[in-house]
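Colleague: I would like to learn how to read packed helices and sheets in a model. Could you take me through it step by step?

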Amino acid sequence: MPLRGIRTTSNLDLPTLGIELNIVYLTTEAVPFAKTGGLADVCGKLPSVVADAGHQCAVIMPAFDSIRRSQMTIEQTEMSFAIEMPGDRIVGGRVLRSYLPGGMVPVYFVDQPQYFSRPFLYGDKHGDYRDNAERFIFFCRAAIEVMKRMDRPVDLIQCNDWQTALVPALVQNDGHGFPRDTPTVLSIHNLAYQGSFPAESFEATGLPWDRFRSDSFEYYGGMNFLKTGIVTADQVCTVSPTYAEEIKTPLHGCGLDPILRSLGDRVSGIINGIDTDIWNPAKDVNLVRNYDVTNWEHGKLENKLALQAELGLPSNPDVPMIGLVGRLADQKGWDLILPVMREHLRERRPTQWAVLGSGDPVIESELTWLASEHPDQLAAYVGFSDPLAHRIEASSDLFVMPSRYEPCGLNQLYSLRYGTICVVTETGGLADTIINTTRETVENETATGFHLRGHDAASLDRAIGDALRLRFHEKEIWKKIVERGMTRDWSWGASALQYIELYEKTISLKQNGKMRV
Ligand code: ADP
């Protein structure tokens, strides 16, 4: 039985060229089905907004265990397939179906319990799952099987990150009956995660070994999913304009910068939007008090008092609360945060810290230990909690993101909307979305946060100090910065329009023979 796409009617005021496209998003994460980071927020929302603009969209992702905890209805389809893997093994798969919230966009889940029915998506406390290469090669090949069974030809495939990056090569080389000239866009949400594996893993792809060369799929003797995608996709896209330029430099190129440079303007950057239904302080069900730009001072204060009670911090309306939510990974600048935090705690400076994160066990244990030593100043929740993330955004005065690099970053956008001033590094999406507070930007009314002057703990300490001075001594300026951030529009509309333009451009260049096949 063919899979049915959903035809949509446009209820969003986005201009298009008038051609209804059938776009398929391949991903391993999409809210509310599976999430470890920002990829899930993007793939859980962008397809719906593109569908709202009049296109037909579908998502294909693995049937991880977490999809059954999503509270969404998951149904069986009649479709199944079998894929030949090395060692004469035939691995079967079934397809389940649900919809993204809103009901417009079908989500097809590749169900293969041996690969995907595990407690975590990519690995556990011992590290990455050892068979990740095989798992995601299977997923890429299975996604093509699903697309072959769609009731309408696919106009464009958008791959997301390394786990889906083999698809352009598979399609072009031998899609097993899938049109080889289907246009492809590869979206890179974080270049540092490339899917590098020993050369033997390549066998399971079924791709020709004669392309396992350094100028094609091979990378330093091994296989590299992301490089394979970069050299074969028609367009490469990243999640902010600044990151699109940064990844062409040795500092941020993670070894792939020469290839990315050689692609020129085939690499572009589109800033992520945010889901303004989920991240809206006026309606957020996780908060004790909803608020908007007219009553944020009172609203944030009530949320702060409630969070202090929830986290066991002393009740104090005046103490500035510094919030942090995110992966506990080097990328996020923990080598800067921890020394500054220790200094604040040791000197008993008048700040409270609310931290939520999981990841690196060394950072996890240091945070837990510091919180036990300084329970009146630091609350650290090690784990993943979406409701708590919302409450920290609403309750904090400052939000700290001194990332080494940040492809886009979502928490600074949530912070802007929740009236929480961000202290950030001037990199990637942080540079594109947070305008530093200087005399000039205060005067021309553009300031929305604070940039670190250098990437070191002293710069972070100074930036936090500058922000707090403003909060206590320049209250009118502080108020304006908060309210400016709250009223900025970071919803998906403008970004989705840029994606649609990119899809249309990719398709027309391909049709005119200006792309590689
Ligand atoms: P990245 O994708 O690099 O992890 P982003 O800022 O783009 O960073 O997106 C991270 C997303 O994951 C945000 O929605 C953030 O709120 C969420 N998040 C990260 N860690 C946690 C956690 N421990 N609990 C709840 N939400 C989290």
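The dialogue below turns to a sheet and then to a pair of helices.

Modeller: This is a predicted model, in which local features need pLDDT of at least 70, side-chain atom pairs count only at pLDDT 80 or more, and totals for chains, interfaces and linings use all residues. Residues are numbered from 1 along each chain as its sequence is written, and side-chain values use heavy atoms, with hydrogens and water left out.

Colleague: In what order do the nine strands form the open sheet?

Modeller: Strands of a sheet pair through backbone hydrogen bonds, either parallel or antiparallel. Here the order is 3-4-5-2-1-8-9-13-14, with mixed pairing; strands are DSSP runs (E, at least two residues) and helices are DSSP runs (H or I, at least four), numbered from the N terminus, and two strands pair if DSSP finds at least two bridges between them. Strand 3 (75-85) and strand 14 (267-269) stand at the edges with a single partner strand each, so one side of each has no neighbour in the sheet.

Colleague: How many bridges join strand 1 to strand 8?

Modeller: Four bridges join strand 1 (residues 22-26) to strand 8 (residues 156-160), and the two run parallel; Tyr25 stands opposite Gln158 in strand 8.

Colleague: At what angle do the axes of helix 10 and helix 11 cross?

Modeller: Two packed helices are described by the angle between their axes and the distance between the axes. The axes of helix 10 (residues 334-346) and helix 11 (residues 361-373) come within 12 Å and cross at roughly 10°, where axes are lines fitted to C-alpha atoms, for helices over the stretch in contact, and angles run from 0 to 180 degrees between N-to-C directions.
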